[in-house]
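Hi,

Here is the structure I promised to pass on.

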Amino acid sequence: MASDKIDVRYVAKLARIALTQDEVERFGKQLGDLLEHVNVLSELETSAVPATAQVVESTNVERSDEAGPCLDRETVLSMAPQRQGAFFRVPKIIAEP
Amino acid sequence: MTVKTQYEAVIGIECHVELKTRSKMFCACANEFGGEPNTKVCPVCLALPGSLPVANAEAIRHMIRAGLAFGASIPAFSKFDRKNYFYPDMPKDYQISQYDMPLTLGGTVRYWLEDGTLKECKLTRIHLEEDTGKSMHGGGGDGRIAGSSFSLIDFNRAGVPLMECVSEPDLRSAQEAVGYLESLKRTFVQLGVSDVKMEEGSLRCDANVSIRPAGSSELGTKTEIKNMNSFRSVLRAIESEIERQTAIMESGGRIVQETRGWDEGQGETHSMRSKEEAHDYRYFPDPDLVPIEIGAALIEELRKTIPVLPPQRFAKYREYGMDAKQATQLVDNSALADYYDASVAAGANAQASMNFVLGDLSRLANETGIAASESVVTPAALAELVTLVEGKTINSKIAKELLERMWAGEGSPKAIVEKEGLTQTSDTGEIEKLIDDILAANEKAATDYKAGKTNILGFLTGAVMKASRGKANPALVNELLRKKLE
Amino acid sequence: MNDIVKRSAADIVRDVSAKRISARDVTEAVLARVDEVDDRLGCYLTRLHDRARQQAQHVDERVAAGERLPLAGVPLAVKDNMCLAGTRTTAASKILENWIAPYTATAVQRMLDAGAIPIGKSNLDEFAMGSSCENSALGVTRNPYDLKRVPGGSSGGSAAAVAAFEAAIGLGSDTGGSIREPGAFCNVVGFKPTYGRVSRYGLIAFASSLDQIGPLTRTVEDAALAYDAMAGHDPMDSTSIDRPVEPAASSLRDDLKGLRIGIVKEFETAKLGPEIDALYKRAYEELAGLGAELVEVALPTADYGLATYYLIAPAECSSNLARFDGVRYGLRVDGADVGQMYEQTRAAGFGAEVKRRILIGTYALSSGYYDAYYVKAQKARTMFAQDFRKAFERCDLIAAPAASSPAFEFDSKSDPYSMYMMDYYTIPMSLAGLPALSVPCGYAGTPALPMGLQLAAPLFEEAKLLGAAHAYERATAHAAKGTVAV
C-alpha cells in the first residue's frame, strides 16, 4: 500500500479548493494520520476478492426514451450566482478542458 | 546527391457523435438542437443537489447497433464511470463516461477515397457518454477563449447522449481521414443512430497526427489537432499539420507532443498548451448507476435491424460498373439506393436500372419534387420497364416516354405497351415502307445527303421514328436509311 | 406543553383518521412547541409554519372526503439534505445557504402524500459528514437530554426534534451511522433500511453507494409506519430496488421466540468500560429473556470497517460535491478567472470536515493511488458482505452497540479520527448495505444519558428487524424512563 506523504497542495488543486498555509499544514497532518489508519487495509488478503461497487446487486436499470417536462427557465436562472439574459455567466475561462 | 527522406503520416481519429434520441442520456429533457437557451434543463442535467441519473435504453441500443455495424465485439458486461474534471459547462464537474468497459470493442470501418479505392481503418472502441453544455466567450477575443473576459453558458445540450469513436492509427493521409469520417457519418445516418450534422455540432472530431520515415514501423511523436468544424477543415488541418511536422523533421528539429488548435482563417494549427497542470481524471465506477449486461438474445435482436451499410453498397455498385462518383451519389441517397436495390432484386439489369435511377427517374423526382421512393412507380415496375428495354421489346425512346406516363400514374409498363401496341418493330419491310414515304416527302433532304450533308441523317431518322409512333428500332432505321441514301 | 405533541405518530393517525382531532390541531400544538423550545435546541434550520398549516388543511380536507391516509396529520422533521420544493435546502453548508429547491425528494413526497405535515428542515453535519452536528455551518443543535451535549449526527436535528416533541417522525439519512448514532444519543429509534429500499432521489448525495434515508421516531411502530410510506421502487433512482416491500407495521411482534440473535465476537464491549459493558450485556440478556437464542458470530473484518469506509465515502463525496462550483446555484466568491472563482468559492463554502473528506477522497482516486486505496477498499467491502452472509447462516438478526459512548459534550472531540471512531459499530452494516436500527436500551454515565442497542438483519428483512425491535421496546420501555431537559 502506498505510503507516500500526501501532497495536499496538489490534491487541493485537483479538488479546486484554495487552502491557506495554515490549512495546508493542518490538513496535511490530519490526512497523513488518517492515511496511516487506513493503511491497515494492506493487512487484508484480497487478491482473490472481487471489488464491490454496489452492495445490492442489480443490472440494466434503464428508462424508456421518452421526453418529459423541463424546469421553467426563470426558476433555473433565478438560482444563478450571475446571469446575463438567458445565460449563466462565469468569469473568463483560461483554457479548454 | 543525397536522397531526401520520404515521410508518411500516421493518423488516428477520435470523434464524438451525438445520438439521435427523443430524450437526453440520463434524464427526460428533450434531445433537440437549438431552442431558447436554458429551456431544456431539469434537476438532473443541471446537476441540482440530490438529482440522480437514469440511463436511456434507446441510447444503449444505438451503441450496440453501431458496434455491430462495424463488426465490433459487444462485451457481455459494461458499466459507466465518472471522469472527474472541472469545466463550467459541465454541470456535475464530472462527465459520466465509460473507462475500462465500453459498450463496444474493436471493429473495422470500411471507407473509400474519391477515386473509389476501398480502404479499412480499425476501431479501438466506441463508448457512451454525455455531452456538455455550450459556452460562448464574450468581451473580446471574437468568440474565442483567448482574449475573452467572460463566458455565457447554455445547458440545453448538457446530458445529450454522445458516442465517442476511437480509431486505431491506421490512416495515412488527410484524404483517408476524411474518407473514414465520411464513412462513419454515412453509416450512422443509415443506422438512424445520429443525424450527424457537423454544422449543429453533432459530430466533432480530433485527430492524432505523427509522421515517420516511409516504411518505418515505429510511431513518431504525435500532436492532437482540435477545433476542426467541417470535413474540409479536417482535410486542411491535417495536411497543414503534416507539412509542419515534415518541415520540422527536414530541418532537423523535434516534434513536441502537444495539443494544437486548427485556425480556419489562418489555415494553420497553433499550440494550445496551457499553464494548467496535467489532468488526473480520477475515473471510478459511477455509484449512481448500475452495470449493463448484454445478452446474446439482445444482440441477435439488434443484429436483425442492421440494414445494408454504405461501404457494402459502394463496393457492390462499383462491381455493377458504376464509377466512383455515381456510386457515391447513389449511396448518399439511401432512399434512392434502397429503391435501386429493390429494382435489381426484382430482376432489373443492374447497369440499365442504374441509368434510369440516376437519369430519368432522378430528373422526374427533381421536376416534381417527389422522391422516387415516394412515387407511384414501384421498383418492381421499374424492373419491368428495364426488362422490356433489355429484351428489345421497346426502344429507349419509348421507355423514356413510358416512364413519364408511369410516373403520372398510368399503370404498369407492360399493360401500356400491350394496350397501345408500342412494341418495338424490327420488321424490315415495314420500316422500309416508312422510309420510302419519308424520302418521297423530303426529296431535297435526300439530295442534300448525297451532296455531303450527312448530318441530315438525324433529321430523317427522327421523321421515320415519328411515323412509326416511336416503335421502330432506331438502330435499324438508321441502318436502312443509310443504305437507301447511298 | 400540549400533550398532543407527545403522541406517537400511530396515535395521531388513529385520532385524525377517526376525526377525534384535526391535523390542524396537531400541527398548531407542534408549531407552538417549536416556538417554545427550538430557540434553545436548534433542531430546525428552517421552520415551515405556513407550509405546515397549508398541508394540515389539505390533510383535513382529504380525511373529511373519506380518504384513508397512513400518516394523516403526523408532524414531520425533514433533514435539510432532502429537497422540498419551494423551501430552502442547505445541507447545513454555506455553499447552499440560500438555495431554494425547485423539486421535492421522492421520500419526502411519499411522506407528504401519506398525510405527514412538514414542520421544518432539520440541522445536520454539513453534507451529512459528521457524528455530532457540530459540523453544521448554519446552526448548533443541542441534545434535549443535556443541552451541554451534542445530539449526535449527522441526522442530529431530526433526532433531537423527535426527542423534544417538535415532530413525531424525523427523516434522516445514514451513510455510516448517521441515523443510528443520533437515535441512540437522543433516546429515539433510528432506522436505516436496506441500501436501495428508499429512493435517494432528492437526497443531497454524500456517498452514493452508502447513503440511505430512514426515519427517527419515538416508537418502533412509528418507524414501521414511516418505512411503509417511503419504501419501494422509484424510477428516478437507478439504485432503488425494484422488488416488493413486505409491510412492516403489520409484522410487529411481542416476543422473540424462535429467533437466533447473533452477538459479534469482535465487538467486544469490555473496552467501552465496565458500565457500558454491563449495559450491553444486560441488553443481550433482555433479548434472551424475550425468547431469543443468543449465538456468537464472527465478523473477522470488523476492525477494517473504518479504514474501508473512510476511503469509499470520501472518494465518492469528492466527486459528488464537485458540482458546488459557483456556476449554476449557491455561493460564488469571485475570482479573476473561472479557476480562481472555483477555488475561492469552495474554500469559502465548505467547512473543514467537508474539505478534509474531499481531499482524502480526491487523493484516494488520484492516479497512482486508485488501486492501492479505492479498489482495495472495494475489495474489503466485498469481504464485509461475505462475512455478514456467513454470520446470518447462524442467526436471524445481529445485536451490537449503536455507539461506543453516550452523547458527548461540545468540542470534546478535537481529533477527526476520534470522532470517526464513534461509527465503529455502525459502519460494517453500512458497508454491507444491511437494514439496521438503534433502539433505546438504557442509560449510562453521569448524568445518566441514553444509550442505543443496534439490531441488524439480512438484506430486505426490514419487517423481521422492526418486528423484533418492537418486542424489545415493549418489554423494556427504556425510553420512557428518561426525561428531556426542555
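Below is what I found where the two chains meet.

This is a predicted model, so local features need pLDDT of at least 70 and side-chain atom pairs count only at pLDDT 80 or more, while totals for chains, interfaces and linings use all residues. Residues are numbered from 1 along each chain as its sequence is written, chains are lettered from A and ligands numbered from 1 in the order in which they are written, and side-chain values use heavy atoms, with hydrogens and water left out.

On chain B, 58 residues are in contact with 36 residues of chain A (contact means heavy atoms within 4.5 Å). Together the chains bury about 4100 Å², with 62% of it on carbon and sulfur atoms; buried area is the accessible area (1.4 Å probe) that two parts lose on being put together, summed over both.

How many salt bridges are there between chain B and chain A? The count is one: E36(B) with R73(A), whose closest N and O atoms are 3.6 Å apart. The term needs a side-chain nitrogen of Lys or Arg within 4 Å of a carboxyl oxygen of Asp or Glu.

There's some strand pairing too. Strand β1 of chain A (residues 62–63) runs parallel to β2(B), over two bridges, and E62(A) sits opposite A55(B). Strands here are DSSP E runs of at least two residues, numbered from the N terminus, and two of them pair if DSSP finds at least two bridges between them.

Cheers

Methods. Helices (H or I, at least four residues) and strands (E, at least two) are DSSP runs, numbered from the N terminus.
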